[in-house]
Amino acid sequence: MKIYLDNCNLGELEKKYVLEAIDSGFISTRGPLVKKVEEVFSGYLGGYVAATYSGTAALSLSLRYSLKKYNLDPLKEKIGVIIPAITFAATSHAALYNNLIPIFCDIDKYTLNLDPNSAAKAIELAKSKGISVKFIMPVHLYGNPCDMDEILKLSKDYDLIIIEDAAESLGSKYKDILTGTFGEFGAFSFNANKVITASSGGIIFSKNEKDIEYIRFLSLQARIESEYYHTDLGYNYRMTNIEAAILLAQFEKLEYFLSLKKNFYKIYYEYFKNYFDILYLQKDTNNSIPNYWLITIIFKNKIDIANLKAKLNDINIPTRRIFYPLPLMEFYKKYQIVDNLEDFYKNSIYIYNYGINLPSSTKNTSESIEYTAKKIIELISKNKI
Ligand SMILES: Cc1ncc(COP(=O)(O)O)c(C=O)c1O
């Protein structure tokens with residue numbers, strides 16, 4: 001039995017659409033399928049969409065355009081962005097591409113999402129260092145929606161622009177509303193390991209048509225169509241027609257993939273519920289429906305997580321470590337705002353040390369997920385770790 005961590009699930013439909021795209025001669029950024037992707041996702045999300053080359057490009061362009069829209073100049077004043085300490089580094093890299101300063105806050109120990117109290121403290125600390133925080137990038141980690149009521153309140157209290165990092169959370173809902181549609185912009189990723197993929201690829205969502213039109217223009221080198229004349233600093237960030245072909249096939253399977261993942265979560269839950277004295281699953285945010293992109297368990301006792309990972313790997317069960325806390329990375333220490341990292345980021349550090357992502361790919365079967373759960377229980381209950 002082969003077990004898959006986060007592999008993509010491609011089939012005949014993807015091959016058909018890609019071949020059709022190749023036959024049409026449109027393989028790069030100018031192609032009818034890119035427009036179709038924008039139509040499909042505008043309908044699904046209920047607003048306007050610009051298709052990008054990757055999720056990272058989507059995040060970066062959202063920030064870049066927001067700076068322009070709100071007349072902010074990070075080269076004239078120090079502008080900060082609230083980012084949770086546990087996320088893929090693309091979130092904070094996108095801030096740095098735009099000369100913004102990442103201001104890291106801690107996460108909640110159970111939902112694994114940004115902790116608004118820690119964010120408020122971080123904003124005050126940044127202010128004391130002359131950094132004016134103007135943005136917040138909530139990340140719906142592993143597909144679990146952030147408590148958007150809390151984030152919206154925080155953004156009102158501190159006058160923050162919300163750029164949602166919904167890279168991992170396509171299809172997840174908070175209070176029946178899709179994640180990625182709450183903020184000024186929502187950025188999604190279609191990297192190969194996401195719920196659905198375009199090989200790479202991403203989209204930016206907004207409720208404002210004019211904003212999306214301009215972002216699309218920026219993603220195509222800010223070029224006046226008919227001539228090689230540029231009116232702004234442009235980027236080569238547009239989705240390609242080949243990416244779009246794969247994505248359109250995948251989109252047809254989205255609801256099916258989401259139902260598979262929900263079932264995998266239920267299986268893990270059933271197996272692990274008798275062991276809740278020693279471990280817990282990432283807690284669904286109240287009033288939310290996660291997409292269960294990457295199902296995650298956290299140990300309550302201090303086990304050797306690297307050893308567990310190695311032992312599972314020996315029996316061909318692939319797992320993934322939690323993202324390394326960003327503010328603890330040497331590269332990011334120059335943006336440090338606190339004296340005591342271990343104290344300020346204690347939940348992030350705990351989750352990194354004692355959490356692990358489990359096989360969640362839609363290429364798995366119920367049997368392979370059951371097998372995985374049983375093997376984990378066997379290893380931890382026999383005190384082998
Ligand atoms: C939280 C998060 N943000 C951003 C990205 C970047 O997306 P991409 O790989 O499509 O550039 C990813 C995933 O790759 C992610 O998991």
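Domain bounds in this walk-through come from an automatic or database domain assignment. For this protein, that assignment gives domain 1 (12–251) and domain 2 (254–381). Please keep in mind that this is a predicted model: local features need pLDDT of at least 70, side-chain atom pairs count only at pLDDT 80 or more, and totals for chains, interfaces and linings use all residues. Residues are numbered from 1 along each chain as its sequence is written.

Let us start with the overall picture. The protein has 13 helices and 16 strands; helices (H or I, at least four residues) and strands (E, at least two) are DSSP runs, numbered from the N terminus. The radius of gyration, taken over C-alpha atoms, is compared here with a globule rule of 2.2 Å times the number of residues to the power 0.38. The protein's value is 21 Å, close to the 21 Å that the rule gives for 385 residues, so the protein is as compact as a globular protein of that length. Along the principal axes, its C-alpha atoms fill a box of roughly 70 × 60 × 35 Å. Of the 385 residues, 49% count as buried, where buried asks for 20 or more other C-beta atoms within 10 Å of a residue's own, exposed for 12 or fewer, and partly exposed lies in between, with C-beta atoms placed from the backbone. Two residues are in contact if their C-beta atoms, placed from the backbone, lie within 7 Å. Among contacts between residues at least 6 apart in sequence, 72% join residues at least 24 apart.

The C-alpha centres of domain 1 and domain 2 lie 25 Å apart, and the contact takes 40 residues from domain 1 and 35 residues from domain 2. On the side of domain 1 that touches domain 2, the elements that give two or more residues are β3 (101–105), α5 (116–128) and β6 (173–174). Of these, β3 gives the most, with four residues. The residues of this side divide into 22 nonpolar, nine polar and nine charged; Ala, Val, Leu, Ile, Met, Phe, Trp, Tyr, Cys and Pro count as nonpolar, Asp, Glu, Lys and Arg as charged, and the others, Gly among them, as polar.

The strand β6 leads us on to the sheets, in which two strands pair if DSSP finds at least two bridges between them. An open sheet of three strands has the order β7-β6-β13, with antiparallel pairing. Here β7 (177–178) and β13 (288–289) stand at the edges, each with a single partner strand, so one side of each is left without a neighbour in the sheet. Two bridges link β6 and β7, and Y174 stands opposite I177 in β7.

Another open sheet, of four strands, is antiparallel in the order β12-β14-β16-β15. Its edge strands, β12 (279–281) and β15 (320–321), each pair on one side only. Three bridges join β12 to β14 (residues 296–299), with Y280 partnering I298 and L281 opposite I297. Three bridges also join β14 to β16 (residues 355–357), where I297 stands opposite I356. In a regular strand the side chains alternate between the two faces of the sheet. In β14, T296 and I298 point one way and I297 and F299 the other way, and all are buried.

Finally, look at the ligand. It is surrounded by 15 residues, the closest being S54, G55, T56, A167 and S189; a residue is near a molecule or strand if its C-beta atom, placed from the backbone, lies within 6 Å of it. The elements that give two or more residues to this shell are α3 (55–69) and α4 (90–97). By class, the shell has four nonpolar, nine polar and two charged residues.
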